[in-house]
Amino acid sequence: MDLSVASAIKLSLIVGFCATLVALIPAIFMAKLLDHKKLKFKALLNVLIFFPMVSPPVVTGYLLLMLLGRNSWIGKILESFGIHVPFTILGAVIASVVVGFPLLVMFIRAAFAGLDPQLEQYSLSSGHTPFQTFMKVSLPLSFPGILAGAIVMFARSLGEFGATVVLAGNMEGETRTISLAIYSLMDSASRSTDANTLLIASIALSFIALIAYEACNRFYWKKIEWKQ
Amino acid sequence: METIKASLTLRLQNEEKLIHFEGTRIALVGPSGCGKSTLAKILVGVSDKGSGSFHLGETDLMQLPAWRRKIGYTPQDLILLPHLSVKENLLYPVNSTLNQDVIEGLALGHLLERMPRHLSGGEKQRVALARSFSGNPKLLILDEPFSSLDLKTKERVVNFVNNTTLFLKIPFVFISHDENEIQLLGCTSIHFS
């Protein structure tokens with residue numbers, strides 16, 4: 001396997017894992033927040049969270065570049081701490097987090113909405129605080145939905161292109177993920193072999209992600225079944 | 001045994017209802033859909049459809065959040081936590097212990113390791129009832145706790161609740177349609193229309 005192909009696969013995996021890990025806890029928190037019926041500014045929060053899902057990824061990338069670029073005030077603060085976002089792998093992770101976050105929130109929110117509210121009510125009446133109830137009832141019972149959201153987010157990160165190319169660029173060995181590598185190879189002479197390898201790798205990773213989801217889901221239900 | 005004293009306003013869909021009761025064994029009686037279960041949830045602290053006062057002794061429970069009220073609650077819908085075994089459900093309430101007398105009295109010994117989805121309606125109801133005793137509650141709210149039991153089991157379970165609440169000196173609010181159960185438990189009936 002060509003080194004550049006191997007590096008694209010490796011970078012995609014790093015970006016996918018990091019983006020999913022970084023987004024997971026904030027997404028759980030946000031989904032729970034949006035689950036509250038009496039939340040103020042809920043509509044505004046919804047618009048802000050779900051905007052990257054409906055806007056063209058290139059626009060999202062451009063907005064991120066304006067927000068985190070070296071000339072922006074956030075960018076300057078980050079630079080003073082030695083953190084560079086544009087044209088780095090960190091930029092690729094941030095682009096994937098922003099684009100995939102709405103999907104993750106949507107899945108987790110659906111999982112929370114599917115819970116019988118009486119289970120949480122019962123838990124509160126048993127002396128458990130709202131946080132304990134969340135940890136002992138809401139979270140474990142929403143596990144399959146959270147897992148599905150994480151897998152979709154990971155798969156979305158593997159395929160992320162528009163926002164990544166604008167914010168992180170397309171530099172071989174640094175920010176060139178599978179999608180960017182396939183795009184780059186379309187104009188090169190060696191495109192057939194390498195592009196095919198990347199294509200197969202991309203499909204294989206997507207399948208592995210789905211199989212991992214099935215395996216985790218089955219393990220979870222087996223664990224419950226086993227206790228009977 | 002501490003006395004229950006309530007003076008509440010319920011905000012139901014199209015109307016407001018005022019309700020007052022006082023005693024140690026209260027039965028709320030009324031037709032389906034009149035708001036009895038909503039009242040139970042208000043007393044437990046998990047519904048905001050009511051206001052007023054609900055005293056247990058000197059303490060106004062309406063001023064406390066649900067998790068500080070120390071109420072043993074048996075919901076109408078046989079809510080058991082589906083990811084926990086019967087034993088884990090019984091140990092779920094804060095400061096709970098496995099009370100052998102309760103387990104034997106409600107014939108739950110052989111069910112302890114089972115998961116809730118493998119229980120019949122009557123078994124779930126007995127587990128829910130046992131669980132309401134397991135956290136050393138100061139008060140019980142029992143929302144139709146015998147509705148899924150067959151006649152023979154019902155008689156035994158009603159006697160068990162009667163004796164245990166007397167022995168442990170726990171006052172309770174009981175929701176039922178069955179006058180016979182109310183009489184057996186020696187409750188003061190509050191009619192809800």
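Trainee: Leaving aside neighbours within four places in sequence, what is Ala130(B) in contact with?
Mentor: Leu90(B), Val102(B), Ile103(B), Leu106(B) and Leu108(B). Contact means that the C-beta atoms, placed from the backbone, lie within 7 Å. This is a predicted model: local features need pLDDT of at least 70 and side-chain atom pairs pLDDT 80 or more, while totals for chains, interfaces and linings use all residues. Residues are numbered from 1 along each chain as its sequence is written, with chains lettered from A and ligands numbered from 1 in the order in which they are written.

Trainee: Which residues have the most contacts inside the largest nonpolar core?
Mentor: Ala130(B), Ile141(B) and Phe174(B), in a core of 53 residues. A nonpolar core is a set of buried Ala, Val, Leu, Ile, Met, Phe, Trp, Tyr and Cys residues joined through C-beta atoms within 7 Å; buried means 20 or more other C-beta atoms within 10 Å of a residue's own. A second, separate core has 46 residues, including Ala19(A) and Met153(A).

Trainee: New topic. At what angle do α6 and α7 of chain A cross?
Mentor: Roughly 130 degrees, with the axes of α6 (residues 117-125) and α7 (residues 130-141) coming within 9 Å.

Trainee: Which residues of α6(A) meet α7(A)?
Mentor: Leu119(A), Glu120(A), Ser123(A) and Leu124(A).

Trainee: And how many residues of chain A are in contact with chain B?
Mentor: 16, against 23 residues of chain B. α6(A) gives the most to that side of chain A, with six residues.

Conventions: Buried ≥ 20, exposed ≤ 12 C-beta atoms within 10 Å, placed from the backbone. Contact = placed C-beta atoms within 7 Å. Axes fitted to C-alpha atoms, helices over the stretch in contact; angles between N-to-C directions. Helix = DSSP H or I, 4+ residues; strand = E, 2+ residues; numbered from the N terminus.
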